[in-house]
Amino acid sequence: MSIKGFRENFMWGGAIAANQVEGSYDKDGKGPNISDVVKVVRPEDRKKMKLPFPTTEEVKEALANKNDKDYPKRYGIDFYNRYKEDIALFKEMGFKTLRVSISWGRIFPNGDDLEPNEAGLKFYDDLFNELHKQGIEPVVTLSHYETPVHLALEYGGWTNRKLVDFFERYAQTVFTRFKDKVKYWITFNEINAIMMSPYIGGAFLRDQVKDEDILQAKFQSAHHQFVASAKAVKALHETIPDGQIGCMVIGMLNYANTTHPEDVLEALNDQRNTFFFTDVMARGHYPAYMTRFFDDNGIVIEKDESDEKVLQENLVDYVALSYYMSSVSARPETEGERVAGNIMSSLKNPYLEASDWGWQIDPKGLRTLLNMFTDRYEKPLFVVENGLGAFDKVEEDGSIHDEYRMAYLREHIREMREAVADGVDLMGYTAWGPIDLISFSTSEMSKRYGFIYVDQDDYGNGTLDRSRKDSFYWYQKVIETNGRDLD
Ligand code: BG6
């Protein structure tokens, strides 16, 4: 039986985010964003998933704190100054594409400014030029946990409808400026993250919303992001007619803990934490199941009259997802060992191994999930994040034998290939963190995803030199053979 392979122009590459690589957080007119005030999590706490939800005072204190070493996303891996060297290495691996984000605050330092910051636009102009020079197609995320902090402090983040207008202005500005350089766009990174992290996803602060109103505030913020996303889709289609724009979610697959009907129902409900978001952006309306959920939880979403039309008329061209692990759902009274995870914790799945950070590794789950998305939307899919965060050991001669990383990626790519044979229309695959970068959840450096090693420790010490791990040559071969040779 012959297995259908990846399409000829499959978009192989890697994905990074401005706030985790660029550094230079206050250079050339950039305003601070919500990630610049997030403190590092020290090793003893690394397996506790405690995502930040600061108060106004805490954010102000962090802004006044100039000890940048405690805030690793301020310095990143100095991609801002070293991107040419890094892109040359991506090119050497054969990358067809690189997913990056634009840091909103480089373009509009406060988020609500009327005029863009030319120095910020110029940086991305240069970056995209360099990518094209090396034959690498950029895929650009408009918002990857980089909402300007001023919008959190002054407006209550995405709870405030005004952010829709600010985002629209920002999106239109970068579409117009980069229309000849960027054809592939993504609106919000992991838009469903807001359910687990209102600060990172929704940019509102703990003291701005009463505890009992947090769920309401999350859904109101999500609504504003849906409208902002749809308006960006509209602007993109008008400005770059041959461009494509997608939505992006944390691709989570929820297994039922047992065959008990209540566990199965629980899994369905948890699965909707992912599908609700893609349903709105790919089908253009709120799904019926949310009416009951909103009624049961006393949630009333304020909408403008035109919102329904805007959502319906501006569907995304493709659905993008991150995929790192799967999760287990059970009746609330179920007891059992829990494990950490990508933004959320879960019951332990006895059939799966976990990473050094406790994330449950499940390549087969990726095939299942891709099939579920395809059944639901019949749209092209794009795996824009996947990878293994692991400790690496540098040998005396400088080499790094990261067989564990290759094993993780190999199995996921194999299952993606199966999914393609199942009928999934897969546009591409961008491995997360092709170069070591600052971790999103813990801001550590020792949680490494890269094919390229960066000499920097958790305290910001090191030469920042780049070097090739064994996986560098392996991924090079994977791309060269369009995913046929995974050994
Ligand atoms: C995703 C994010 O949630 O997971 C990335 O979009 C992030 O920004 C990635 O880096 C891996 O998470 P972490 O916490 O291991 O860096």
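This is a predicted model: local features need pLDDT of at least 70, side-chain atom pairs count only at pLDDT 80 or more; totals for chains, interfaces and linings use all residues.
**Close-up views of a ligand site and a helix pair**

View 1. Look next at Phe440, where a backbone N or O atom is 2.7 Å from a ligand oxygen atom. His144 takes part too, with a polar side-chain atom 2.9 Å from an oxygen atom of the ligand. On its own, the ligand has 380 Å² of accessible area, and the protein covers 100% of that.

**View 2. A shell of 14 residues surrounds the ligand.** The closest of them are Glu190, Phe440, Ser441, Lys447 and Tyr449.

**View 3. Helices α3 and α5 meet.** Here you can follow α3 through residues 79–93 and α5 through residues 118–133. Their axes come within 10 Å and cross at roughly 10°. Angles under 35 degrees count as roughly parallel, and α3 and α5 are therefore roughly parallel to each other.

**View 4. Side by side: the residues where α3 and α5 touch.** From α3, the contact uses Phe79, Tyr80, Tyr83, Lys84 and Ile87. From α5 come Phe123, Asp126, Leu127, Glu130 and Leu131. Of the residues in this contact, 7 are nonpolar and 3 are charged, with no polar ones.

Technical notes. Residues are numbered from 1 along each chain as its sequence is written. Side-chain values use heavy atoms; hydrogens and water are left out. Axes are lines fitted to C-alpha atoms, for helices over the stretch in contact, and angles run from 0 to 180 degrees between N-to-C directions. Helices (H or I, at least four residues) and strands (E, at least two) are DSSP runs, numbered from the N terminus. Angles under 35 degrees count as roughly parallel, over 145 as roughly antiparallel, 65 to 115 as roughly perpendicular and the rest as oblique. Contact means heavy atoms within 4.5 Å. Ala, Val, Leu, Ile, Met, Phe, Trp, Tyr, Cys and Pro count as nonpolar, Asp, Glu, Lys and Arg as charged, and the others, Gly among them, as polar. A residue is near a molecule or strand if one of its heavy atoms lies within 4 Å of it. A polar contact is a pair of N or O atoms within 3.5 Å; within protein, one must be able to donate a hydrogen and the other to accept it, and residues adjacent in sequence count only if both atoms are side-chain atoms. Accessible areas come from the Shrake-Rupley method with a 1.4 Å probe; for residues, only the protein chains shown count as cover.
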